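Student: I am new to this structure and would like to learn how to read it. Could you walk me through a few features?

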Amino acid sequence: MSAGTIDIGLWGWILGACAVAFATKLAGYAVPARWLQNPRMTQVAACMTVALLAALTVMNTFAAGTALVLDARLAALAVAAVALWLRAPFLLVVVLGALAAALLRWQA
């Protein structure tokens, strides 16, 4: 370590992330209520939720570390998507996706 540099370490980054999350949540109380009641804000919040969930799903389906992989998770997602398209109850969607992944991993 050279002079003038600070080694924060993992716990430093964790505490920093906690502080940023707390400050962000605290700043939310300063937002005027009329901004939150605006229909456009409601629509933006709903779209952000869907986009974040879609990004999380894609990352958990296609990524293994830094590599792109196509495995049983993709088939499980496809089965779950078909079940959702057929308007199956959510619990059944989860069970069907899990069964598809289990069967493909069992055969491999």
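Tutor: Happy to! Let us begin with a term: helices are DSSP runs of at least four residues, numbered from the N terminus. Keep in mind that this is a predicted model.

Student: What volume does the largest pocket have, and how many residues line it?

Tutor: Its volume is about 310 Å³. The lining holds 13 residues, and those nearest the centre are Ala 76, Leu 77, Ala 80, Val 93 and Val 94. Sorted by class, the lining has 9 nonpolar, 3 polar and 1 charged residues.

Student: Let us turn to H5. How do I check the span of a helix like H5?

Tutor: Count 1.5 Å a residue: the 18 residues of H5 should then span 26 Å, and the end C-alpha atoms are 26 Å apart, which agrees.

Student: Which residues of H5 are buried?

Tutor: A residue is called buried when its relative accessible area is under 20%. In H5, that applies to Val 93, Gly 97, Ala 100 and Ala 101. Viewed down the axis of H5, these buried residues fall within an arc of 90 degrees, so they line one face of the helix.

Student: What is the general idea behind a pattern like that?

Tutor: An α-helix has 3.6 residues a turn, so residues three or four places apart point the same way. In this model, the buried residues of H5 pack against H4, while Leu 91, Trp 106 and Gln 107 are exposed on the other side of H5.

Student: Where does Val 95 lie, and how far is its C-alpha atom from that of Ala 76?

Tutor: Val 95 is part of helix H5. Its relative accessible area is 38%, so Val 95 is partly exposed. The C-alpha atoms of Val 95 and Ala 76 are separated by 9.7 Å, with the two residues 19 apart along the chain.

Student: What should I know about phi angles?

Tutor: Most residues other than glycine have a negative phi. Here, Arg 87 has a positive phi of about 60 degrees although it is not a glycine. Arg 87 is found in the loop between H4 and H5.

Student: Is Arg 87 buried or exposed?

Tutor: Arg 87 is exposed, with a relative accessible area of 76%. For another reading of accessible area, take Gly 16 in helix H1 (residues 9-28): at 31%, Gly 16 is partly exposed.

How values were computed
Residues are numbered from 1 along each chain as its sequence is written. This is a predicted model: local features need pLDDT of at least 70, side-chain atom pairs count only at pLDDT 80 or more; totals for chains, interfaces and linings use all residues. Side-chain values use heavy atoms; hydrogens and water are left out. On a 1 Å grid over the protein atoms alone, a cavity is a set of points where a 1.4 Å probe fits but cannot get out, and a pocket is an open set with protein on both sides within 12 Å along at least five of seven lines; lining residues have an atom within 4 Å of a point. Grid points are joined across faces, edges and corners, and a volume is the space filled by probe spheres set on the points. Ala, Val, Leu, Ile, Met, Phe, Trp, Tyr, Cys and Pro count as nonpolar, Asp, Glu, Lys and Arg as charged, and the others, Gly among them, as polar. Helices (H or I, at least four residues) and strands (E, at least two) are DSSP runs, numbered from the N terminus. The expected span of a helix is 1.5 Å times one less than its number of residues. Buried means under 20% relative accessible area, exposed over 50%, partly exposed in between (1.4 Å probe, protein chains only). The arc is that of the directions from the helix axis to the C-beta atoms. Contact means heavy atoms within 4.5 Å.
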